[in-house]
Amino acid sequence: MLNFVYWNADPILFSLGPISVRWYGLMFAIGFTIGYWLVAKMFRHEGAPEKWLGTLLMYIVIATIVGSRLGHVFFYEWGYYSQHPAEIFKIWEGGLASHGGTIANIIALFLFSWLVSKKPASWVFDKIVIAIALVGGLIRLGNLMNSEIYGGPTDLPWGFVFLRNGETLPAHPTQIYEALCYFALFGLLMWMYWKKNAEERPWLITGVFFIGIFLPRFFIEYVKNVQVQSEYEMIARYGMNLGQMLSIPFILIGIILVIRALTQPRKHLTFPNRFADEKKA
């Protein structure tokens, strides 16, 4: 007899009067807090001005929230939101797309490089993506606590029966699949940075990140439930859903960045001396 997991977690951790703390929000906050600490540690390791951290955090938070929301609006349900534009601002009702957040963060990091650090964009990308891998895994655990974004039916022993949604059959816990992939990627990127000095090969860490995030996502989508009805026609026509189509460009970019980084000579870090000179000035 198979022992499935009967999942009925309350998405609200606790409430204080009218204020409720949700698991999803907590995972988000934990991810950003640890991510901030990790990036700060890398800044100190390389001698970068820590005053940049507050500005960088602001860029990332705004880009993640706005980009993820607009990604869902434009990629998945533009037909609805074009008729109800006021609903776009109701983020608390759900509807975030990681591809939109990724695009917005790419724009934000280039802006940070041009306007704040005045350094090559690869320098900040190769640090931030390490933290983003961790945040991505924690957010997927938040999705699990919300009983959302799970897969189709399965008879595997680790299938989850999502009772809160009225499900009676076990389903693939795709939130856990993705979380495990992202945590493994986080560990790999940390090892590359701290043990293999991968930061001396600009864009290598970023390239591995894109491959490590979007390649698993591409395959996991095959067992994940369709998020919006319009995707059924897309799957019937192309054999892929929108999430998979949006993942392909990032995978290709990742491959190109890795090849480029490995075929270029290492660039030994000279930032600490430059930053020291800037401070003296």
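Axes are lines fitted to C-alpha atoms, for helices over the stretch in contact, and the angles between N-to-C directions run from 0 to 180 degrees. The model is predicted, so local features need pLDDT of at least 70 and side-chain atom pairs pLDDT 80 or more, while totals for chains, interfaces and linings use all residues. Residues are numbered from 1 along each chain, and side-chain values use heavy atoms, without hydrogens and water.

Q: Why is helix 7 called roughly antiparallel to helix 9?
A: The axes of helix 7 (residues 204–220) and helix 9 (residues 242–263) come within 7 Å and cross at roughly 150°. Angles over 145 degrees count as roughly antiparallel, and helix 7 is therefore roughly antiparallel to helix 9.

Q: What makes the aromatic pair of tyrosine 24 and phenylalanine 28 tilted?
A: Rings of Phe, Tyr and Trp (its six-membered ring) pair if their centres lie within 6.5 Å; planes under 30 degrees apart are stacked, over 60 edge-to-face, and the rest tilted. Tyrosine 24 and phenylalanine 28 are 6.3 Å apart centre to centre, with 40° between the planes, and this pair is tilted. Both residues lie in helix 1 (residues 23–46), four residues apart, about one turn of the helix.

Q: How do you know that lysine 41 lies over the face of tryptophan 194?
A: A charge sits over a ring if NZ of Lys or CZ of Arg is within 6 Å of the ring centre and within 35 degrees of the ring normal. Lysine 41 is at 5.2 Å from the ring centre of tryptophan 194 and lies over its face.

Key:
Helix = DSSP H or I, 4+ residues; strand = E, 2+ residues; numbered from the N terminus. Parallel < 35°, antiparallel > 145°, perpendicular 65-115°, else oblique.
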